[in-house]
Every structure is written in C-alpha cells, then in structure tokens.
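Subject: Structure handover

Hello,

Here is the structure I promised to pass on. Please open it alongside this note; my findings follow below.

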Amino acid sequence: MKILNLNEGSFPIKLNLELDKLSVPEIGKLKEDLKIEAKISKISKNILNCDGDIHGVFIDICQNCLNETEVVIINKIEVAIKDIKELLIDSSNQDQTHYQDLEFFNIESFIEEEVALIYPNIVKCSEDCNTEESVYETERNLPFKKIRDLID
Ligand SMILES: [Zn+2]
C-alpha cells in the first residue's frame, strides 16, 4: 500500500505505477499489470489535480455468450483531488473529484476508484454479440437447451 502525504513535499509529484491486483468489485481479472503514468499538481491548499494515463488489460466474461473476453482500458485521468474534510462543505457537485485524507493519501484507493469509474458497465466479446439471442437462450431450461445443441 502506497501512502503519500499530499500536504507536504514538492509538486508536481510524478506517478509511475504498475499494479498487479485491484480490489474493485465486479470487474475482470488483470491480465497484465495495470499501468499508471500521471502527475499530481497542487492547485491550492486542500485541492490538487491529477492528470495522466491509465492502461489495463482485463479478462472478463461476455455478458451475452459467457465466453472469456479481453477488456482493454486506455484512458486519460483528469481528476481533482480534495481533502475529505472538503466533502461536507463542497457544493460544486463535481463528478470528477476524488476525496481522501491528503495527509495519508492512498494511491491504490485512488486508482481503484478511477478504474471503477472507467470500467465498462457492459462487457461484450464483440459489438455484435447478440443480446436478444442470449436472453432467448437463458430463458430456456437446461435439458432442453442440451438437446437443442445436439441437434444443431
Ligand atoms: Zn459474446
């Protein structure tokens, strides 16, 4: 676990990280290390900005055909980082703001939140993996489906 004190030190802070695991629920398994290249700049007291790139390859299951498929994430990170104390008084209502205790800033939690936001809600092996067909198939009972597969 990497902890930074973002209240002190010299800015910008360059991040060059590779993570081999993430604790984000309901996403695929990392196929290779997740790579993050970013820098954290100080905007003012209690407000920082992180921008950079995130790249990950995951193995997930196609929601239609249930085959394994790769999910590739290549995204920009462009997030404001504010101290958790700001959360209650913040009325700007920005989506792209990450709140944490700046004195004990956990980089991995930050990255995990970013991945959770970026990760696709719907995982498909291909654009045209047909939704209607899979609904049709899951509605059939299994013995019937097996017989049908034999006929096919
Ligand atoms: Zn599929």
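Leucine 66 counts as exposed, because 12 C-beta neighbours lie inside 10 Å and the cut-off for exposed is 12 or fewer. Leucine 66 is not a glycine, yet its phi is positive, about 65°. Bear in mind that this is a predicted model. Most residues other than glycine have a negative phi.

Where does leucine 66 lie? It is in the loop between E5 and E6. Those two strands form a hairpin, with six residues between them. E5 covers residues 47-61 and E6 covers residues 68-83. They run antiparallel and are joined by 15 bridges. Isoleucine 61 stands opposite glutamate 68 in E6.

E6 has another partner. It pairs with strand E7 (residues 97-100) in the parallel sense, over four bridges. In that pairing, aspartate 83 stands opposite glutamine 100 in E7.

Now the overall layout. The protein chain has three helices and eight strands. Along the sequence the pattern is β-β-β-β-β-β-β-β-α-α-α. Of its 152 residues, 15% count as buried. Take the contacts between residues at least 6 apart in sequence: 58% of them join residues at least 24 apart.

Next, the core. The largest nonpolar core has 18 residues. Those with the most contacts inside it are Leu6, Ala38, Ile40, Leu48, Cys50, Ile81 and Ile111. Strand E4 (34-44), E5, E6 and helix H1 (107-118) are the elements that give two or more residues to this core.

What does isoleucine 81 touch, leaving out residues up to four places away in sequence? Its contacts are Ile40, Leu48, Asn49, Cys50, His98 and Gln100.

H1 deserves a look of its own. It has twelve residues. From first C-alpha to last it reaches 17 Å, close to the 16 Å expected at 1.5 Å a residue. Its buried residues are Ile107, Phe110, Ile111, Glu114 and Val115. They sit on the same side of H1, because they cover an arc of only 135° around the axis.

- Asparagine 46 has a phi near 70°, a positive value in a residue other than glycine. It lies in the loop between E4 and E5. Asparagine 46 is partly exposed, with 15 other C-beta atoms within 10 Å.
- The peptide bond from phenylalanine 11 to proline 12 is cis, with omega near 0°. Proline 12 lies in the loop between strand E1 (3-4) and strand E2 (13-19). Most peptide bonds are trans.

Last, confidence. The protein chain averages a pLDDT of 87, and 82% of the residues score at least 70. Which element has the highest confidence, and which the lowest? E5 is highest, at a mean of 97. Helix H2 (residues 131-139) is lowest, at a mean of 53. Where pLDDT is low, the predicted coordinates should not be read in detail.

Best wishes

Technical notes. Residues are numbered from 1 along each chain as its sequence is written. This is a predicted model: local features need pLDDT of at least 70, side-chain atom pairs count only at pLDDT 80 or more; totals for chains, interfaces and linings use all residues. A residue is buried if 20 or more other C-beta atoms lie within 10 Å of its own, exposed if 12 or fewer, and partly exposed in between; C-beta atoms are placed from the backbone. Two residues are in contact if their C-beta atoms, placed from the backbone, lie within 7 Å. Two strands pair if DSSP finds at least two bridges between them. A nonpolar core is a set of buried Ala, Val, Leu, Ile, Met, Phe, Trp, Tyr and Cys residues joined through C-beta atoms within 7 Å. The expected span of a helix is 1.5 Å times one less than its number of residues. The arc is that of the directions from the helix axis to the C-beta atoms. pLDDT is the predictor's confidence in each residue, from 0 to 100.
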